[in-house]
Amino acid sequence: MDILCRSMLFEGKAIVTAIDCTETAERARQLHGTSPSATNALARVLAMGVFMSAGFKGLKHKLTLIVDGGGAGGNIIVCGDSGSKVRCRMDNPACFDGEGVRPVSEVVGGNGRLTVIKDFGLKEPYNGTVKLVNGSVDADFAYYFTVSEQLPSAIATGVKLNPDGSVAAAGAVIVQPMPNCPPEIIETLVDAVRHFGNMDELVSTHTPPALIEEYFGQFDNKPLQPTYPAYVCSCSRQAMERILISMGKKDALEIAEQNGVVEFSCDFCHKKEVFTKEDIERIFEEANGDN
Ligand SMILES: [Zn+2]
């Protein structure tokens with residue numbers, strides 16, 4: 001089971017998060033048929049979605065990450081609901097297939113933007129956009145936190161693939177000092193992160209609690225409640241009905257006439273919803289009844 005562990009360090013002056021999202025990343029690979037290069041990049045953005053939606057509360061809190069870097073993988077979108085329930089899609093999941101594992105920055109591309117939308121069910125969602133630093137994911141999200149959220153952060157994602165391309169391990173470690181954190185503590189934490197070595201190896205050999213214990217255990221480490229990430233899609237037949245209604249009755253019936261039915265497929269889980277001519281008549285009748 002995937003897990004996200006958090007610990008307060010130095011009496012709450014900093015917080016470390018360690019994530020194992022292996023199963024979530026493997027589910028994404030299976031759903032989207034990603035190539036090894038695409039899996040390697042997508043799993044890192046997914047880990048950041050897991051991290052950023054962990055603290056969300058309630059059904060109305062929604063996270064959207066859009067990485068638009070102009071790389072071979074095209075746009076990557078990760079959505080998250082409270083408790084790190086995430087889903088994702090990418091434009092070109094087959095990029096570099098048969099070419100081993102290409103660098104993350106070639107899949108993501110370093111020439112574009114990272115957009116973060118946090119919708120808390122209020123009037124205006126929070127929307128932060130930064131330029132990508134280099135398309136490595138780690139540096140791009142660290143830059144986003146520093147610039148847009150004033151939270152200087154050390155971020156290390158790790159992904160290890162099996163010979164058949166499936167995900168052996170995926171995860172991340174994020175260290176964020178609180179605003180009152182003294183510079184000498186920040187220096188100590190940056191030093192601890194430097195000692196990680198190869199993060200792709202570390203996520204496959206250490207569980208999140210073991211990783212925190214080994215690298216941060218000596219810093220007055222106080223564990224918080226863990227979160228259990230998973231790949232969960234929020235699509236529904238009702239949501240597809242709303243898309244159908246937005247098409248207008250005439251166009252919907254015309255497509256049903258031509259193709260026998262109107263069919264929608266979810267970009268995030270590939271679930272299909274089929275609407276017959278009778279369904280369409282009924283849906284528009286009910287929609288008009290509501291007005
Ligand atoms: Zn779906």
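Me: Which class, buried, exposed or partly exposed, applies to Asp-191?

Reply: Asp-191 is partly exposed, at a relative accessible area of 34%. Buried means under 20% relative accessible area, exposed means over 50%, and partly exposed lies in between, with a 1.4 Å probe and protein chains only. This is a predicted model in which local features need pLDDT of at least 70 and side-chain atom pairs count only at pLDDT 80 or more, while totals for chains, interfaces and linings use all residues. Residues are numbered from 1 along each chain as its sequence is written, and side-chain values use heavy atoms, with hydrogens and water left out.

Me: With which residue does Asp-191 form a salt bridge?

Reply: Side chains of opposite charge can pair when their charged atoms come close. The term salt bridge is used for a side-chain nitrogen of Lys or Arg within 4 Å of a carboxyl oxygen of Asp or Glu. Asp-191 pairs in this way with Arg-194, and their closest N and O atoms are 3.4 Å apart. Arg-194 counts as exposed, at 55% relative accessibility.

Me: In which helix do Arg-194 and Asp-191 lie?

Reply: Helices (H or I, at least four residues) and strands (E, at least two) are DSSP runs, numbered from the N terminus. Both residues belong to helix α5 (residues 183-194), where they are 3 residues apart, about one turn of the helix. An α-helix has 3.6 residues a turn, so residues three or four places apart point the same way.

Me: How many salt bridges does the count come to?

Reply: The count is 21 salt bridges. One of them joins the side chains of Lys-62 and Asp-81, at 3.3 Å from N to O. Because Lys-62 lies in strand β3 (residues 62-68) and Asp-81 in strand β4 (residues 76-81), the pair ties together parts that are 19 residues apart in sequence. Lys-62 is partly exposed at 35% relative accessibility, whereas Asp-81 is buried at 14%.

Me: What do the side chains of Asp-267 and Arg-89 form where they meet?

Reply: They form a salt bridge, at 3.6 Å from N to O. Asp-267 lies in the loop between β12 (262-265) and β13 (272-275), and Arg-89 lies in strand β5 (residues 85-90), so this pair ties together parts that are 178 residues apart in sequence. Asp-267 is partly exposed, with a relative accessible area of 45%, while Arg-89 counts as buried at 19%.

Me: At what angle do helix α2 and α4 pack?

Reply: Axes are lines fitted to C-alpha atoms, for helices over the stretch in contact, and angles run from 0 to 180 degrees between N-to-C directions. Helix α2 (residues 36-53) packs against α4 at an angle of about 30°, and the axes are 11 Å apart. That makes α2 roughly parallel to α4. Angles under 35 degrees are called roughly parallel, over 145 roughly antiparallel, 65 to 115 roughly perpendicular, and the rest oblique.

Me: Which residues in α2 meet residues in α4?

Reply: On the α2 side they are Val-45, Met-48, Phe-51 and Met-52, and they meet Phe-141, Tyr-144 and Phe-145 in α4. Contact means heavy atoms within 4.5 Å.

Me: How many residues of helix α1 are buried?

Reply: Helix α1 (residues 22-32) is mostly covered, since 8 of its 11 residues are buried. Among them are Ala-25, Ala-28 and Leu-31. The cover over the buried residues of α1 includes β2 (14-20), α2, β5, β9 (167-177) and β11 (230-231). Just after α1, Gly-33 takes a positive phi of about 60°.

Me: Which residue has a positive phi of about 75° although it is not a glycine?

Reply: Val-137 has this phi. Val-137 sits in the loop between β7 (126-131) and α4, and it counts as buried at 2% relative accessibility. Gln-150, also not a glycine, has a positive phi of about 50°. Gln-150 lies in the loop between α4 and β8 (154-161), and it is exposed at 58% relative accessibility.

Me: Where is Ile-255 placed?

Reply: Ile-255 is in helix α9 (residues 249-259). At 28% relative accessibility, Ile-255 counts as partly exposed. Leaving aside neighbours within four places in sequence, Ile-255 is in contact with Met-247, Gly-260, Val-261 and Val-262.
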